[in-house]
Amino acid sequence: MGVPAELAERMSMAEQHEYLRARFSRRTMVRGGAVTLGAIAGGVFVPGAVAQAAVPSQASATYAATSGESVDGALVSPFGRHLAFGNDPSTEVTVSWQVPINVKKPFVRIGAHPWDLSRKIEAEVRTLYTPAGVGASGDHTQYYLHAKLTHLRPGKTYYYGVGHAGFDPAEAHLLGTLGTFTTAPDHKKPFTFTAFGDEGVGYHGLANNSLLLGQNPAFHLHAGDICYADPAGAGQTTDTGFDSRTWDQFLAQTESVAKSVPWMPAYGNHDMEAWYSPNGYGGEDARWNLPDNGPDKKNLPGVYSFVYGNTAVISLDANDVSFEIPANLGISGGTQTKWLEAQLKKYRAAHDIDFVVVFFHHCAYCTSTAHSSEGGVRNEWVPLFEKYTVDLVINGHNHQYERTDVIKKNAVVKKLPIGGTAYPETEGVVYVTAGAAGRSLYAFSAPDSYEGHVADLDSVAAFVNTKDGKVNETVAWSRVRYLNYSFLRVDVQPASKGRTTTLTVRGIAETGAEIDRFTVARKAK
């Protein structure tokens, strides 16, 4: 039901929009300022009790679905489409999207051709309500929809469309709304993926996204600090400036890539939105549907792994081990580190996996003057990366590009100049900070040094965050530094058994110029 005709005749479009927003707001859901998360389909979904706030009853949490009040679905267009792999990227993909108001019977269609789409596959709705007074947020309800597709064929491209009652993507005039995705192959073959951290909303994020799409990646890794709805980033309800509507802008901004490229995030400190659940991830649970093979889906929903071709990828939650920003320090009780070791051991023993890539937010090694290095990561995870010869570690957090030499036991094993090759089986691990996706840039204590502008230094001032505070250090491992917007492109080239298989990493500037390039090589299994 839209604006009554007698009112519409006297109202501008802006006034009609405000009328509908007010009419369908969910003020009735909140008692005592609680921030709630509910699923319209399948009962109430509450990620955790909100501190000092009442959890609403099922009757109030499902008000939007049962009240009978709605707008003509033909007038509501989905937006913010984003894909994610399931536990098995060769057969499972989740299609997620957003609608600005409640809709009836949401669904996805899928097929091998745009003119041959399937029956309607029901979607789950996760409703996230944020009342006025939480940070800078207005009274705002967000509707996130998810449809997990299973039993897909490996290495196949599918067309899909999302819709609801009144909006069917299979209709001829809506075919332009269709998207595509390609499942992972069930064998080794060359592929490319991209990565960065700390995007936020703005021009530079848009610019990087346009370049990402041109790389034709099989998937994209986002190493935390996704949209910055919480600009303070301390993970506390006292954080100022929080605005849940920033997520609407972010998902619209990234849709050009994420509607066809699985967008796989790890969670950073700005992603701990403390108003929704004790662990801060209640809002993230509404927006994302990630693999559920991690150690603790309740407390660590951003910890998971997947295998694409000959490469295993592991997403970690560094908030669990961060001394610098301790809101979630120790939340896993050590289970994340135990799980990590089990995953690394399993992947190194697998006969069809050559490379292991790990990504997370807080930097293991960085010389930024802002956050620099995280001692909790060095204590908990770096020894495991070295023990199981991890091939590449990707971080965000510091808003710049920096790449290390080959490191082992906090020391340089081998200098790795631009164009060089690392052999993790016999040498050590290479770490890349790729946190210049879009947010305002930080600074280095040393001059930039990148492709075409090399200024090698074997002594750079930095610090590491420890349980006792910041500890200054002078390091020799900072090999490439670039203080401008950029992202990573990684090309994986398999080889037959016993031959050399390679993982070529490139730093790409927002201008499209290459700022760094190195290769990781090992014998193929």
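1. Salt bridges. The whole structure holds 22 of them. A salt bridge here is a side-chain nitrogen of Lys or Arg within 4 Å of a carboxyl oxygen of Asp or Glu. The model is predicted: local features need pLDDT of at least 70, side-chain atom pairs count only at pLDDT 80 or more, and totals for chains, interfaces and linings use all residues. Residues are numbered from 1 along each chain as its sequence is written, and side-chain values use heavy atoms, with hydrogens and water left out.

2. Asp 168 and Arg 109. Their closest N and O atoms are 2.8 Å apart, in a salt bridge. Asp 168 sits in the loop between β8 (157-163) and β9 (179-182), and Arg 109 in strand β4 (residues 107-111), so the pair ties together parts 59 residues apart in sequence. Strands (E, at least two residues) and helices (H or I, at least four) are DSSP runs, numbered from the N terminus. Both Asp 168 and Arg 109 are buried. Buried means under 20% relative accessible area, exposed over 50%, and partly exposed in between (1.4 Å probe, protein chains only).

3. Glu 341 and Lys 387. This salt bridge spans 3.0 Å, N to O. Glu 341 belongs to helix α8 (residues 335-349) and Lys 387 to helix α10 (residues 382-387), so the contact links parts 46 residues apart in sequence. Glu 341 is partly exposed at 28% relative accessible area. Lys 387 is exposed at 55%.

4. Asp 491 and Arg 489. Here the closest N and O atoms of the salt bridge lie 3.0 Å apart. Asp 491 is buried, at 15% relative accessible area. Arg 489 is partly exposed, at 22%.
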